[in-house]
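Subject: Structure handover

Hello,

Here is the structure for your files. My notes on what was found in it follow below.

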Amino acid sequence: MGVVSAGRPLDGGRGWVIVLACFLAQLLAFGSPQSVGVLYPEWLSTYQEGKSMTAWVGSIVSGVALITSPLCSVCVDSFGARPVTIFSGVMVAGGLMLSAFAPNVSFLIFSYGIVGGMGCGLVYAATLTITCQYFDKRRGLALGIVTTGTSAGGFLYATLQNELIELFGLDGCLLIIGAASLNLMACAGPMRPLNFPGYYLKQKAALAHTDEPLYDKPSTIIIVTGDDRDTGPAHKTPGTATKELLIGSEPGVGGYLGNRPFAALCVCIFLFSLGAFPPVLFMEDVAQSAGLAEHVAAVPLVSVVAAATGAGKLALGALADARRVSGLHLYALTAMASGAALLLVPVSRSYAGLQALCAVLGFFSGNWSLTPYVTTRMVGVEHLSQAHGILMCFGGFGIMLGPPVVGWLFDWTQSYDLAFYFSGSCVVAGGALLFLATLPCWGLPESEGNTPAVESPCDPERENPSDKVASVA
């Protein structure tokens, strides 16, 4: 069941109120996962597990949030952004509070990683979907502001969790930030849906047939889609009871992956997530292992990454709205720049050098704000949830695998050098692949201004051969 628009997208007024609510929602949900690098040394000391095993906690929370994006997108399409955000507040808070009582790393993987991760995934899907519904011309800037909430949360929570651990210990810290996450319910208030969710349409369709006898069981079910509604009566057979079921035509996963730029973007996001996420988790340990810092600084490297990422999301989001700027090419170039910064981490021999590289890496990692923008330009806002869910699923697998691989390489070599060479190479390769796949020499229509760079695999103007009427006796 698709969605029906209740009005045209807006570029102001209530839309900016929703942007603020979505910004705060992402800040509250992703603050702790984005600054999990502060908790990582504490977990190592408390549970005495290997770096690779402990790294699963931080990787799974972000990985699950993205891998479950297709499911979360279905929830948003079916129930709307407001109830999904309210439910996510319960999940995020519950996961963090349960983690305070974790007896071992395995329990942390479940509570902090799976439960908290699914809550974060619900917030992410809800906030991006409703923001895209309310904005058109300024969609890039709006998405940049909303996704900056994760970076602002990472920056604030890195210092906050550090102080709470000193005052109340690790368990007290998790209980307090878990309680703060309940404010997600308040953030859901302004998220009035611009598009009617699926459950509303089903109820409306059911009420439209209340005048029919309940005992009149239809002998034929006619499935009607799109333009077939006007010709529906022609399909009815005289003397038989019929029932029309209206469904929306949604392209399958293969329909998206059959498009070269979209498939290249999936691979790029997987490689980017595989290589660019580990620094968020390991950067403090990199400095301590190299003897560049005796303890976590007052402004941790995680906070530097988060602050620079926030600036990057705003700048890149605004740049994407400019005319004659290809969002796909911009994403590819920023990915390659991030990979170059990762390759320089092993040769940095000072804490100031690591801070500079973290700033560069964080700024270009702000290309996360481009992902929903580029997706919308490729497939349209009507199909954003499904297509973006597929992309985030690829990113989730990369995030889930990256930190354990880096931790395993450290356990094997007792050095982070090989791990960061591996990470940087993956990110550069992903960006180069996307850039090459979207070159005009492939015969793709060139992007001009805000025109989509590629043809949508689910263009509503394109006739879908499977969009036919089916009868079931």
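A residue is called buried when its relative accessible area is under 20%, exposed when over 50%, and partly exposed in between, using a 1.4 Å probe and protein chains only. By that rule, 52% of the 473 residues in the chain are buried.

On the source: this is a predicted model, in which local features need pLDDT of at least 70 and side-chain atom pairs count only at pLDDT 80 or more, while totals for chains, interfaces and linings use all residues. Residues are numbered from 1 along each chain as its sequence is written, and side-chain values use heavy atoms, with hydrogens and water left out.

Overall fold. The chain has 18 helices and five strands, taken as DSSP runs (H or I, at least four residues, for helices; E, at least two, for strands) and numbered from the N terminus. Contact means heavy atoms within 4.5 Å. Of the contacts between residues at least 6 apart in sequence, 83% join residues at least 24 apart.

Core. A nonpolar core is a set of buried Ala, Val, Leu, Ile, Met, Phe, Trp, Tyr and Cys residues joined through side-chain atoms within 4.5 Å. The largest one holds 116 residues, and the members touching the most others are Trp43, Tyr112, Phe262, Leu265, Tyr331 and Leu434. Helix H6 (residues 105-134) gives this core its largest share, 15 residues.

Helix H11. This helix (residues 260-276) has 17 residues and reaches 24 Å from first C-alpha to last, close to the expected 24 Å; the expected span is 1.5 Å times one less than the number of residues. Of the 17 residues in H11, 13 are buried.

Serine 423. This residue lies in helix H18 (residues 417-437) and is buried, at 2% relative accessibility. Apart from neighbours within four places in sequence, serine 423 is in contact with Gly275, Pro278, Leu342 and Val406.

Cysteines. A search of the whole structure finds zero disulfides, a disulfide being a pair of cysteine sulfur atoms within 2.5 Å. Cysteine 266 is buried at 1% relative accessibility, and cysteine 426 is buried at 12%.

Regards
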